[in-house]
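The sequence and the structure are shown first.

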Amino acid sequence: NTYIKLLARIPTDTEVMGRIVIIILSLISIRTFATGQQGELIIFGGDTLQMTCEPLETFLRENEPRERLHIRLKDGCSTALWRGYVGLWECRDNKLYLIDIYACGDRRLSIKRAIFKDDEGPVLANWYSGPLFIQKGKMLKYNHSGYDRIYEKEIVAGVDKGEIKDIKTYDNGVKPSDNGFSRDPEDILTKIYQNINWKNIPKLSKDLKLYASFQIGENGKLINTKVDGNIKEVYKAELSNVLDSFPPVQVLYSRGEPSLEGWTMKIVFSKQSKREYVR
């Protein structure tokens, strides 16, 4: 209704309409991708842990419209909980059970009886086949998008129609033998400034900005490097040279594979930067 009222007030100007479409598409993208989501809860090995997957969604998609089951499932609760609930699960006797469902994650607001009217106790999740991603320990990396985060340990359980078929445990993080440069973004940024050869660029009359984008490859080298900015090529060339010759960085592993971490960093060519980092 909000979108309908908004569009009704828009003049029929093509450029304005185009901007509105972009705004609406951006809002949809933010809802889908750009916000970190609250995880499910699961009892595993006697511990209550966070799970970064949503087994109940398979059931809800098969029973649309979901608001017919409970009104709380219609519009979500916040940007961190678009699905409108947090499920409590348990792995027991090699099976996955749904113990409870909390509206908006509030344990005082159980809605399980409304959705599973004939099941007062734990419900075997026989509708679900797929992996369970169970997190344990300290968080090592967080991106403000969906479940894009890495913990010290991750348990991956393969489920087939509610039955747990296999379990793998991963130790995530930087390998003890990795002596690469610090993966801390602040340390990388400082090192970029320190490696700029200020003798290669013209005398500065004003501050100039570039944006350096890159990923850390599986061997620690910076890959997919890109330099953007509307300034002279000499600055871009110097920054590109710094990125290409950057020392190997520590590699973060997740689920047994290198995590291709990436950043975009603002680099300011200024008199102050030169005074602070000149070599």
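## Confidence of the model

Over which residues does pLDDT stay under 50? The stretch is residues 1-33, and the model has 15 contacts beyond four places in sequence for it. The structure is a predicted model. Across the protein the average pLDDT is 87, and 87% of the residues score at least 70.

## Overall make-up

The protein has seven helices and 14 strands. Of its 279 residues, 39% count as buried. The accessible surface amounts to about 16200 Å², and carbon and sulfur atoms hold 49% of that area.

Among contacts with a separation of 6 or more, 64% are between residues 24 or more positions apart.

## Backbone exceptions

Most peptide bonds are trans, and most residues other than glycine have a negative phi. The bond between Glu64 and Pro65 is cis, with omega about 0°. Pro65 is placed in the loop that runs between helix H3 (55-61) and strand E3 (85-92).

Positive phi values occur at Lys161 and at Asn224. For Lys161, phi is near 50°. This residue is in the loop between strand E7 (149-160) and strand E8 (163-171). Is Lys161 buried or exposed? Its relative accessibility is 58%, so Lys161 counts as exposed.

Asn224 also has phi near 50°, but its place is within a strand, E11 (residues 222-228). With a relative accessible area of 55%, Asn224 is exposed.

Side chains of opposite charge can pair when their charged atoms come close. The count for this protein is twelve salt bridges. One of them joins Arg83 and Glu54, with 3.5 Å between the closest N and O atoms.

Arg83 has a relative accessible area of 5%, and because buried means under 20%, Arg83 is buried. Glu54, at 27% relative accessibility, counts as partly exposed.

## Salt bridges of the strands

Arg92 and Glu90 meet through their side chains in a salt bridge, at 2.9 Å from N to O. Arg92 is partly exposed, with a relative accessible area of 31%. For Glu90 the value is 17%, and this residue is buried.

A further salt bridge is formed by Lys153 and Asp171, whose closest N and O atoms are 2.4 Å apart. Because Lys153 lies in strand E7 and Asp171 in strand E8, the pair ties together parts that are 18 residues apart in sequence. Lys153 counts as partly exposed at 36% relative accessibility, while Asp171, with a relative accessible area of 58%, is exposed.

Which residues do salt bridges with shared partners join into one network? They are Glu40, Glu54 and Arg83.

Note on methods
Residues numbered from 1 in each chain as written. Predicted model: local features only at pLDDT ≥ 70, side-chain atom pairs only at ≥ 80, totals over all residues. Heavy atoms only, no water. pLDDT = per-residue confidence, 0-100. Contact = heavy atoms within 4.5 Å. Helix = DSSP H or I, 4+ residues; strand = E, 2+ residues; numbered from the N terminus. Buried < 20%, exposed > 50% of the residue type's maximum accessible area, 1.4 Å probe, protein only. Salt bridge = Lys/Arg side-chain N within 4 Å of Asp/Glu carboxyl O. Areas by Shrake-Rupley, 256 points an atom, 1.4 Å probe, with all protein chains shown as cover.
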